[in-house]
Amino acid sequence: MNIFASKLAIAVAALAFLGFGASAETLSDVKSKGFLQCGVNTSLGGFASPNDKGEWTGFEVDYCRAVAAAIFGDGSKVKFTPLSSKDRLPALQSGEIDVLFRSATVTLSRDTQGFDFPAVYYYDGQGFMVNTKKLPGITSAKQLSGATVCLLAGSTTELNAADFFKANKMEYNPVVFEKLEEVKAAYDSGRCDVYTTDQTGLYAARLALSSPADNLVLPEIISKEPLGAAVRQGDPQWADIIRWTHYALLTAEEFGITQANVDELKNGDNPEIKRILGQEANTKLGTDLGLTNDWVVNVVKAVGNYGEIFDKNIGNGSPLKIARGINAPWNKGGLQYAMPIR
């Protein structure tokens with residue numbers, strides 16, 4: 001029995017080393033150090049980028065702050081680690097970061113290689129942008145045969161582009177870069193005819209080009225790109241905290257709970273809202289997660305609800321002005337649907 005137990009322990013340790021397991025103590029570790037270490041993009045307008053004061057802002061940045069608020073009651077208790085596409089998952093696997101909010105597409109291979117994706121916070125799809133001065137008359141991605149295409153290494157973008165051109169019997173010349181800034185600079189300088197990435201990333205990149213009006217985002221969407229928060233496998237409590245923070249943001253929008261009225265509503269008469277906000281007598285909805293019962297209040301006070309985060313960073317309240325589309329709530333024709341907080 002002792003020999004069997006010893007071999008089992010060695011096997012478990014080996015799996016953990018290879019990234020197929022994780023310490024089930026992430027929440028405790030985060031509380032001990034006093035802040036959340038969150039992996040984000042190096043710079044993607046609307047999603048994650050430092051402003052002129054060096055402060056991180058964006059849709060994914062607000063998700064990091066929401067998790068910090070759920071844990072500490074303070075959305076400022078977070079540190080940001082900017083990561084390239086190639087380095088993002090290894091940084092999570094090694095423990096350099098606690099959670100990844102860095103435009104990572106949920107795929108089967110990633111989900112079975114030591115990572116969990118407890119929340120899809122944005123549904124996207126890969127598209128193409130062309131310089132109309134270099135390629136006049138192009139209105140469809142199916143006209144891009146022979147084009148030079150700028151790509152980011154280590155991403156699903158490379159594979160999707162290869163599949164698209166092969167399926168449509170077209171040739172193309174890929175130019176691959178390690179960093180997002182290099183891709184954008186190469187495209188803007190004219191080294192490539194085409195830039196391909198998630199369509200929202202194209203809209204963000206176009207704003208920063210030297211001549212935005214000369215660039216057209218083509219209509220085709222060639223892939224499904226569900227962007228998910230990523231954590232290491234083996235810590236279900238930590239995955240639950242990330243998942244239910246996302247559900248809290250969606251639920252707050254559904255019930256009209258905003259950054260401005262959350263304090264008023266938590267003391268109101270609506271029993272369902274009081275339960276969501278942890279004001280129901282004898283509730284354990286927060287403590288069962290390892291949080292305080294007013295954790296949803298803290299999340300909404302820190303960053304607002306999902307709709308508020310979307311609007312100010314990438315929606316109508318931002319320069320990007322991206323329509324909600326399939327990221328609208330389920331009761332308004334979208335895919336965003338929260339499990340009940342009860």
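Where is serine 103 found in this structure? Keep in mind that you're looking at a predicted model. Follow the chain to strand E5 (99-100), then carry on towards helix H5 (108-111): serine 103 is in the loop between the two. Is this residue buried or exposed? Its relative accessible area is 11%, so serine 103 counts as buried, given that the cut-off for buried is under 20%. Now look at what's around it. Setting aside the neighbours within four places in sequence, serine 103 is in contact with Asn41, Leu44, Glu60, Arg88, Tyr121 and Leu227.

One of those contacts, Glu60, takes us to helix H3, which covers residues 59-72. This helix has 14 residues, and from its first C-alpha to its last it reaches 20 Å. That's close to the 20 Å you'd expect at 1.5 Å a residue. H3 is largely enclosed by the rest of the structure, because 12 of its 14 residues are buried. Glu60 is on that buried list, and so are Phe59, Val61, Asp62, Tyr63 and Cys64. Further along, the list goes on with Ala66, Val67, Ala68, Ala69, Ala70 and Ile71. Just after H3 you come to glycine 73, which takes a positive phi of about 75 degrees.

Let's finish at the surface. Here Trp330, Tyr337 and Met339 form a nonpolar patch, and together they have about 310 Å² of accessible area. To find methionine 339, go past helix H13 (306-313) into the segment after it. Methionine 339 has 33% relative accessibility, so it counts as partly exposed.

Conventions:
Residues are numbered from 1 along each chain as its sequence is written. This is a predicted model: local features need pLDDT of at least 70, side-chain atom pairs count only at pLDDT 80 or more; totals for chains, interfaces and linings use all residues. Side-chain values use heavy atoms; hydrogens and water are left out. Helices (H or I, at least four residues) and strands (E, at least two) are DSSP runs, numbered from the N terminus. Buried means under 20% relative accessible area, exposed over 50%, partly exposed in between (1.4 Å probe, protein chains only). Contact means heavy atoms within 4.5 Å. Patches are made of residues with over 30% relative accessible area and no salt bridge: like charges are joined within 9 Å, nonpolar side chains (Val, Leu, Ile, Met, Phe, Trp, Tyr) within 5 Å. Accessible areas come from the Shrake-Rupley method with a 1.4 Å probe; for residues, only the protein chains shown count as cover. A salt bridge is a side-chain nitrogen of Lys or Arg within 4 Å of a carboxyl oxygen of Asp or Glu. The expected span of a helix is 1.5 Å times one less than its number of residues.
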